[in-house]
Amino acid sequence: MSHSTASSLPRMSPPNIVQGGMGIGVSTWRLARHVAQRGEIGIVSGTGIDTVVVRELQDGDPHDRCRVLADYPDTAIAEDLLDRFYQPEGRAPDESYDLLKMHGFEPSVRSQRILAATTFTEVRLAKEGHDGLVGLNLLAKLKRYTLPCIYGALLAGVDIVSIGAGIPMEEARQIPKLAAGEAAELGLDVDTSQAPDVDGSFAYRFDPADVLDDPPTLDRPLFLPIVSSDVLARILDTKLPDDHVDGWVVETPVAGGHNAPPRNKNYAEDHTPLYDERDEADLESVRALGKPFFLAGGYGSPRGLRFARSVGAAGIQVGSLFSLTDESGYPEGTTRRLIRRLHRGDLSVSTDGRVSSTGFPFKVLTAEDTLADEEVYAERRRVCDLGYLREPYLDGKGRLMGRCPAEPVKTYESRGGDPDEAEGRACLCNALLANIGHAQRRADGPEPPLFTGGDALENLPLGSADDPQYDADDVIEYLYGAVRSGQGGKEGTQKHPRPHPAD
Ligand SMILES: Cc1cc2nc3c(=O)[nH]c(=O)nc-3n(C[C@H](O)[C@H](O)[C@H](O)COP(=O)(O)O)c2cc1C
């Protein structure tokens, strides 16, 4: 992550590009490995990785997880996973997937071991056969998955951890502990309104000694928080010891996936967040913190890379363009269909402040046959059987439980949730798994998908309607191409350029 000046652009050496983490299962090990082999930074996603792996095992293990699990030091859990889920011939077409027991806020050690083992496979596969940089991405909102996933990634030699969708202050403090083989914990923000007599604080705990008898000392990975503003970067910088943060990803709200809520808290009637200049990070202020930083959200173009370098950034983080490559986790037919329809202008990108149970705005591709279509949304029977986005609450008996506003409304209400909160939410857990070809089968058919992507996709610079395909090399060549030939670019301002998806 070395800096160089704008004048050295034509000869700049990698890494200048971070291929952003994309869950669930979009930034696969295959994509991250390819990008890392090119000398850039490849990031796999830890979100939902346990379910991704057990569904793959039930589909005949197309990614060779069995081989990698054979190398995993917690041999008992590796064997357990294979015994329980591996189906060499794959499932029958109409068979439902067998589910893992939901990971609770006070989880079983077994469930933690499964998370660590499955994350290990993803990182290990991404790291095989090269010395490039591979990272693991997690969402700060999903606190209860963070520690075991990071531990599994550490055991596989992960180089970087990147965490977005929240303020990863405590996470930054726990990573060195895990690397040292020590127990770690993350505070939980629990709704205690139904048990007002119970006081005290709540935490999720994870101990490497529950995974391995004698936890080794492991290399501490670099930590790259994903922030939406210089203010957040400065808070983290002030409150954390200097060696806990190694750089920043500064992301604008035109990025694919979840976006930061608007600082003014304003939303249009259709739930579109109304951003203003307060949502633009002051890049000079980030630069002044003295650590490498990458610009994300609408920078996936030669112009974006050139701009980033001109303001002293180490480079750019790109997701949307990589999400539709041959190496992404989407099935081939899905990427082809999305690329073709984007080129034909049949799809647009909208920002939905309602659909995600996280409460964060979420970028949605307005594709028919997905939950973005009102009819498909209305027809889906609500069910919550994966629970990644459940929020902790204490029930009337003081028990620590979880609920999600996308679950059946009556259930949500019975758990103390406000039914107004449930309106318009979609089950991202099931939809995002459907996107990558792992839709759960219900009695009334498969779970419908819901695709995300940034504004960049509306002017997709790669592939075409006639040839709807490109790969990760094409993205890297494209991003460097115009920089090398010294084409245009807006410079001279220390603010983010106005959202401008691609040249
Ligand atoms: C399909 C998709 C899924 C994403 N999922 C995540 C995620 O799980 N965690 C995260 O931190 N960012 C996620 N992102 C954001 C990317 O990592 C990246 O920061 C962003 O896409 C960069 O901006 P761009 O969309 O203009 O390329 C996702 C983006 C896309 C397109």
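Author: H271 is found in the loop between β8 (248-251) and α9 (283-287), where helices (H or I, at least four residues) and strands (E, at least two) are DSSP runs numbered from the N terminus. The model is predicted, so local features need pLDDT of at least 70 and side-chain atom pairs pLDDT 80 or more, whereas totals for chains, interfaces and linings use all residues. Residues are numbered from 1 along each chain as its sequence is written, and side-chain values use heavy atoms, with hydrogens and water left out.

Although H271 is not a glycine, its phi is positive, at about 75°. With a relative accessibility of 31%, H271 counts as partly exposed (buried means under 20% relative accessible area, exposed over 50%, partly exposed in between, with a 1.4 Å probe and protein chains only). D369 is another residue other than glycine with a positive phi, near 65°. D369 belongs to the loop between β12 (362-365) and α13, and its relative accessible area of 58% makes D369 exposed. A positive phi, near 80°, also occurs at G157, which follows α6. The peptide bond from G23 to I24 is cis, with omega near -5°, and I24 is placed in the loop between β1 (17-19) and α1 (29-37).

For G21, a backbone N or O atom is 2.8 Å from an oxygen atom of the ligand. In N137, a polar side-chain atom lies 2.7 Å from a ligand nitrogen atom. The ligand alone exposes 610 Å², of which the protein buries 96%.

Around the ligand are 21 residues, of which N137, E251, G298, Q317 and S320 come nearest (near means that a heavy atom lies within 4 Å). Strands β3 (133-139) and β10 (315-318) each supply at least two residues of this shell.

In the pair of Y145 and Y388, the ring centres are 4.9 Å apart and the planes stand at 40°, so the pair is tilted. Because Y145 lies in helix α6 and Y388 in the loop between α13 (374-379) and β13 (391-394), the pair ties together parts 243 residues apart in sequence. Both Y145 and Y388 are buried. Y330 and F451 form an edge-to-face pair, 5.5 Å centre to centre with 75° between the planes. Y330 lies in the loop between α11 (320-323) and α12 (332-344) and F451 in the loop between β16 (445-446) and α17 (472-484), 121 residues apart; Y330 and F451 are both buried.

Helix α6 (residues 143-155), which carries Y145, is mostly covered, with 13 of its 13 residues buried. R144 lies over the face of F105, 4.4 Å from the ring centre, and the charged end of R91 sits over the ring of Y97, 3.7 Å from its centre (NZ of Lys or CZ of Arg within 6 Å of the ring centre and within 35 degrees of the ring normal).

Notes
A polar contact is a pair of N or O atoms within 3.5 Å; within protein, one must be able to donate a hydrogen and the other to accept it, and residues adjacent in sequence count only if both atoms are side-chain atoms. Accessible areas come from the Shrake-Rupley method with a 1.4 Å probe; for residues, only the protein chains shown count as cover. Rings of Phe, Tyr and Trp (its six-membered ring) pair if their centres lie within 6.5 Å; planes under 30 degrees apart count as stacked, over 60 as edge-to-face and the rest as tilted.
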